[in-house]
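Reader: I have a model open on my screen and would like to learn how to read it. Could you take me through a few features?

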Amino acid sequence: MTSVVDKLEVLGEVVDLVDGRVPEETGHAARTVLAHATRRLAAGPQTTVALAGATGSGKSSLFNAISGTRLAEQGARRPTTSKTLAASFSASNPALLDLLGIERRYEAEPPSPDLADLVLLDLPDHDSTATAHRGEVDRMVALVDQFIWVLDPQKYADEAIHRRYLRPLAKHRDVITVVLNQADLLTPDQLRQCLDHIRRLLEQDGLGGVALIATSAVTGMGIPEIRSRLAELSTSKRA
């Protein structure tokens, strides 16, 4: 399997060869990728995983359940996360967190040993009325290794998340996991119907077949599955 480093070397050679022969914006985009990827690789081997979701989706509660901490503030009706929060399951890596521009940084015991190289992020709500919150989510979309998009039974079909984030990120499907949180509020039949509908919506977004997990921060449903998936992503070093 060709490594990321090998691919970046080839991209660098191609950029040099086509300099002046392709549109300026194309060359600029390629150089931007090269510059960021080089800095990201130099910043260390930890895998960064961000939880993103709408107000009231229970994203911060899910962050606490996954991390086994109470670091994230929880609020049912209003945004409580104004800046990205990072929980490192090993010693904090200042170079990596500086690259991501994260000021709120904490260290926590890993929920399991295979999560030691993981940095879990809690993002502001993408539908917040505060422009700065939405801007922070948009900024992190371009920087984070893996995303967990947190949906809830009330607003999982909201056009905002599908139009603004999921559809544009379809070409990056390998770094996306989708969860239906607050699954404890549904009967088994309702949960099955919701999951089926979400799969159809994801198919329309170009994300058919991406991992979809039902979760509940209250009962612990789906938390082992998410931790297992994150451990696989972290230890495989493919993010």
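Predicted model: local features only at pLDDT ≥ 70, side-chain atom pairs only at ≥ 80, totals over all residues.

Reader: Where does T48 lie, and which residues does T48 touch?

Author: T48 lies in strand β1, which spans residues 47-53. Leaving aside residues up to four places away in sequence, T48 touches R40, L96, L100, V119, L121, V144, D145 and Q146.

Reader: How should I read the sheet, and in what order do the strands run?

Author: As a general idea, the strands of a sheet pair through backbone hydrogen bonds, in either a parallel or an antiparallel way. Here, seven strands make an open sheet with mixed pairing, and the order is β3-β2-β4-β1-β5-β6-β7. At the edges sit β3 (104-107) and β7 (211-214), each of which pairs on one side only. From one strand to the next, the twist averages 20°.

Reader: Which sense, parallel or antiparallel, does the pairing of β2 and β3 have?

Author: Strand β2, residues 85-88, pairs with β3 in the parallel sense, over four bridges.

Reader: Now for the rings. How many aromatic pairs does the structure hold?

Author: The structure holds two aromatic pairs. One of them is F147 with W149, which is stacked: the centres are 5.1 Å apart and the planes make an angle of 15°. That angle counts as stacked because the cut-off is under 30 degrees. F147 and W149 also belong to one aromatic cluster together with Y165.

Reader: What about R199: where is it, and why does R199 count as partly exposed?

Author: R199 is in helix α7, residues 188-204. Its relative accessibility is 42%, so R199 counts as partly exposed; that label covers values between the buried and exposed cut-offs.

Reader: How far apart are R199 and G209 in sequence and in space?

Author: Along the sequence, R199 and G209 are 10 residues apart, while in space their C-alpha atoms are 7.8 Å apart.

Methods
Residues numbered from 1 in each chain as written. Heavy atoms only, no water. Pairing = 2+ DSSP bridges. Helix = DSSP H or I, 4+ residues; strand = E, 2+ residues; numbered from the N terminus. Axes fitted to C-alpha atoms, helices over the stretch in contact; angles between N-to-C directions. Buried < 20%, exposed > 50% of the residue type's maximum accessible area, 1.4 Å probe, protein only. Phe/Tyr/Trp six-rings, centres within 6.5 Å; stacked < 30°, edge-to-face > 60°. Contact = heavy atoms within 4.5 Å.
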